[in-house]
Amino acid sequence: MLEASSASDRFGSFVFKDHAAGKRQSLRVFYFLPDKVTADTRIAIGMHGLDRKASDFRYVLARPADLHQMIVLVPEFDMEAFPDVFAYNYGNVRPAGRDAEVLPREYWTFGIIDRLFKQVRDSLGSRRETFGLFGNSAGSQFVLRYLALNGAIHVDQAVASNSGIYLLPDLAVAYPNGMGGLDLDAVALDRYFGARLTILLGECDCDGTASDLPRNEEAMAQGPHRLARGLWHFKLSQGLATSCGGQLAWRMEIIPGAGHVDQKIFDRAIGILSGSS
């Protein structure tokens with residue numbers, strides 16, 4: 001476990017044990033520490049892409065995190081324990097299969113993030129009560145579902161970038177495409193619309209032939225490529241929030257010149273989570 005005595009090791013990893021972490025009931029967490037860690041140092045948790053390269057994702061977040069003096073944690077949802085999008089992107093809410101039943105909430109992987117934060121916070125002697133959450137691509141899908149399905153009381157700011165397919169904020173559409181069938185209600189939907197969430201889109205993330213671009217019927221209905229899907233989803237969410245009598249609190253930014261996996265996206269995401277911009 002990451003502890004105050006580890007502060008001299010700025011890059012490292014540890015094994016985090018959790019009952020919802022697949023058949024091993026554990027996962028590896030890669031971390032970065034700024035040169036000075038205090039009880040008030042901000043903590044960011046990063047969700048890697050479908051390539052599962054948690055160590056690499058930690059490194060690309062380290063540069064902006066060093067600038068903003070933030071701790072970065074990247075839990076590794078590896079293929080052995082989390083073999084498909086249902087187990088990782090969709091939070092292990094229900095297995096693959098049209099007739100698969102929803103699993104008990106205790107097995108949903110969203111809770112791993114909160115428990116990881118609390119354990120690291122306590123082991124470092126931190127006073128932080130909240131953390132920032134960021135995901136790119138597959139990690140973005142996880143972040144959006146985390147916010148939609150949970151109270152997210154420990155998240156002060158979230159960033160989701162370059163998702164290939166978006167969760168619909170609609171209680172009439174069954175999960176994982178929408179929020180239906182999970183005993184959620186209008187209060188949960190209103191809470192989701194009110195989340196402190198920034199959607200980041202790469203201006204150049206518009207390759208409709210990308211090998212990792214989802215092409216099922218639900219995905220293609222959202223647009224021909226990731227940029228188009230992000231714009232479509234944001235406009236849809238604005239309309240749904242208004243129809244529910246509320247207002248969408250989310251922000252959207254298009255990052256000039258940025259592609260799908262791009263340091264400009266990562267730099268901006270950490271800047272947002274730092275609270276400096």
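Predicted model: local features only at pLDDT ≥ 70, side-chain atom pairs only at ≥ 80, totals over all residues.
Colleague: Is Gly 111 buried or exposed?

Modeller: Gly 111 counts as buried because its relative accessibility is 18%, where buried means under 20% relative accessible area, exposed over 50%, and partly exposed in between, with a 1.4 Å probe and protein chains only. The C-alpha atom of Gly 111 is separated by 8.7 Å from that of Asn 150, which is 39 residues apart from it along the chain.

Colleague: How many residues does α2 have, and how far does it reach?

Modeller: Helix α2 runs over residues 110-124, which makes 15 residues, and it reaches 22 Å from its first C-alpha to its last, close to the 21 Å expected at 1.5 Å a residue. The expected span is 1.5 Å times one less than the number of residues. Just after α2, Gly 125 takes a positive phi of about 70 degrees.

Colleague: Which residues of α2 are buried, and what covers them?

Modeller: Phe 110, Gly 111, Ile 112, Ile 113, Asp 114, Leu 116, Phe 117, Val 120, Arg 121 and Leu 124 are buried in α2. Their cover includes the strands β1 (11-17), β2 (26-32), β3 (43-47), β4 (71-75) and β5 (131-136), together with helix α3 (138-149).

Colleague: At what angle do α2 and α3 cross?

Modeller: The axes of α2 and α3 cross at roughly 85 degrees and come within 9 Å, the axes being lines fitted to C-alpha atoms, for helices over the stretch in contact, with angles that run from 0 to 180 degrees between N-to-C directions. The two helices α2 and α3 are therefore roughly perpendicular to each other, given that angles under 35 degrees count as roughly parallel, over 145 as roughly antiparallel, 65 to 115 as roughly perpendicular and the rest as oblique.

Colleague: And which residues make that contact?

Modeller: On the α2 side they are Phe 110, Ile 113 and Asp 114, and on the α3 side Phe 142, Arg 145, Tyr 146 and Leu 149, with contact meaning heavy atoms within 4.5 Å. These residues divide into five nonpolar, no polar and two charged, where Ala, Val, Leu, Ile, Met, Phe, Trp, Tyr, Cys and Pro count as nonpolar, Asp, Glu, Lys and Arg as charged, and the others, Gly among them, as polar.

Colleague: Changing topic, where is Asp 18, and what does it touch?

Modeller: Asp 18 has its place in the loop between β1 and β2, and at 6% relative accessibility Asp 18 counts as buried. Leaving aside residues up to four places away in sequence, Asp 18 touches Gln 25, Ser 26, Ile 112 and Arg 115. The side chains of Asp 18 and Arg 115 are joined by a polar contact of 2.6 Å, that is, a pair of N or O atoms within 3.5 Å; within protein, one must be able to donate a hydrogen and the other to accept it, and residues adjacent in sequence count only if both atoms are side-chain atoms.

Colleague: What about Gly 132, which strand is it in and what does it touch?

Modeller: Gly 132 lies in strand β5 and is buried, with a relative accessible area of 2%. Not counting residues up to four places away in sequence, Gly 132 touches Ile 43, Ala 44, Ile 45, Asp 156, Gln 157 and Leu 273.

Colleague: Leu 273 is a helix residue, I think; which residues of that helix are buried?

Modeller: In helix α7 (residues 263-273) the buried residues are Ile 265, Phe 266, Ala 269, Ile 270, Gly 271, Ile 272 and Leu 273. At the start of α7, a side-chain oxygen of Asp 262 reaches to within 2.9 Å of the backbone nitrogen of Lys 264.

Colleague: Last one, where is the cis peptide bond?

Modeller: The cis peptide bond joins Tyr 175 and Pro 176, with omega about 15 degrees, and Pro 176 lies in the loop between β6 and α4 (186-193).

Technical notes. Residues numbered from 1 in each chain as written. Heavy atoms only, no water. Helix = DSSP H or I, 4+ residues; strand = E, 2+ residues; numbered from the N terminus.
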